[in-house]
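Let's take a friendly walk through a protein model together. Have the sequence and the 3D view open, and follow along residue by residue.

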Amino acid sequence: MLSHSGSRGTGAAVCDYYSKIASASFGICRRLKRLAWLSLDSQKPGILGTMELMGRYAAANHALIHKHMTSNLGAEVLLDLENHHNFAWKNGM
């Protein structure tokens, strides 16, 4: 069984919000704005925590969907994989 689930739009909205702020703060050409970033010590506190929260929310949605589907089907889970996207992370550089 394969399913796709996420934060039901909330995570994408949070990511889009911060991406727009980042791209507006960069004086780069339009084609490169998707490469913009915000520093964790920027004037927008909570960036990383908010993105991590959305990741946990998406993971919880995924887990509940699979739990209910396998329970209703009477199926046994042999392998459970989760593939996150829309990451925010700390850079060690």
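The report below goes from the whole chain to its helices and then to individual side chains.

This is a predicted model, in which local features need pLDDT of at least 70 and side-chain atom pairs count only at pLDDT 80 or more, while totals for chains, interfaces and linings use all residues. Residues are numbered from 1 along each chain as its sequence is written, and side-chain values use heavy atoms, with hydrogens and water left out.

## The whole chain

The protein chain has two helices and zero strands. Both kinds of element are DSSP runs numbered from the N terminus, with helices being H or I of at least four residues and strands being E of at least two. Of the 93 residues, 22% count as buried. Here buried means under 20% relative accessible area, exposed means over 50%, and partly exposed is in between, using a 1.4 Å probe and protein chains only.

The accessible surface of the chain comes to about 7600 Å², and 57% of that belongs to carbon and sulfur atoms. These areas come from the Shrake-Rupley method with a 1.4 Å probe, and for residues only the protein chains shown count as cover. Contacts, meaning heavy atoms within 4.5 Å, can also be sorted by sequence separation. Among those in the chain with a separation of 6 or more, 67% are between residues 24 or more positions apart.

## Helix 2 and its partner

Helix 2 covers residues 47-73, and at 1.5 Å a residue its 27 residues should span 39 Å; the end C-alpha atoms are 39 Å apart, which agrees. The expected span is 1.5 Å times one less than the number of residues. After the helix comes glycine 74, whose phi is positive, near 70 degrees.

Which residues of helix 2 are buried? They are Ile47, Leu48, Met51, Met54, Ala58, Ala59, Asn61, His62, His66 and Thr70. The buried residues of helix 2 pack against helix 1, residues 10-25.

Threonine 70 is worth a visit. This helix 2 residue is buried, with a relative accessible area of 13%. Its side chain reaches the backbone oxygen of lysine 67 at 3.2 Å, a polar contact, which is a pair of N or O atoms within 3.5 Å; within protein, one must be able to donate a hydrogen and the other to accept it, and residues adjacent in sequence count only if both atoms are side-chain atoms. Leaving aside residues up to four places away in sequence, threonine 70 touches Met1, Ala75 and Val77.

A search of the whole structure finds one salt bridge, defined as a side-chain nitrogen of Lys or Arg within 4 Å of a carboxyl oxygen of Asp or Glu. The side chains of aspartate 16 and lysine 20 form it, at 3.1 Å from N to O. Both residues lie in helix 1, four residues apart, about one turn of the helix. An α-helix has 3.6 residues a turn, so residues three or four places apart point the same way. Aspartate 16 is partly exposed at 37% relative accessible area, whereas lysine 20 is exposed at 52%.

Serine 23, also in helix 1, is buried at 15% relative accessibility. The side chain of serine 23 reaches the backbone oxygen of lysine 20 at 3.2 Å. Beyond residues up to four places away in sequence, serine 23 touches Lys33 and Ala36.

There is also one aromatic pair. The rings of tyrosine 17 and tyrosine 18 have centres 5.0 Å apart and planes at 70 degrees, so the pair is edge-to-face. Rings of Phe, Tyr and Trp (its six-membered ring) pair if their centres lie within 6.5 Å, with planes under 30 degrees apart counted as stacked, over 60 as edge-to-face and the rest as tilted. Tyrosine 17 is partly exposed at 45%, but tyrosine 18 is buried at 13%.

## Distances across the sequence

| Pair | Apart in sequence | Apart in space |
|---|---|---|
| Serine 19 and tryptophan 37 | 18 residues | 7.2 Å |
| Alanine 60 and serine 7 | 53 residues | 8.7 Å |

Serine 19 is found in helix 1 and is partly exposed at 36%. Arginine 56 lies in helix 2 and is exposed at 52%. Alanine 60, in helix 2, is partly exposed at 37%.
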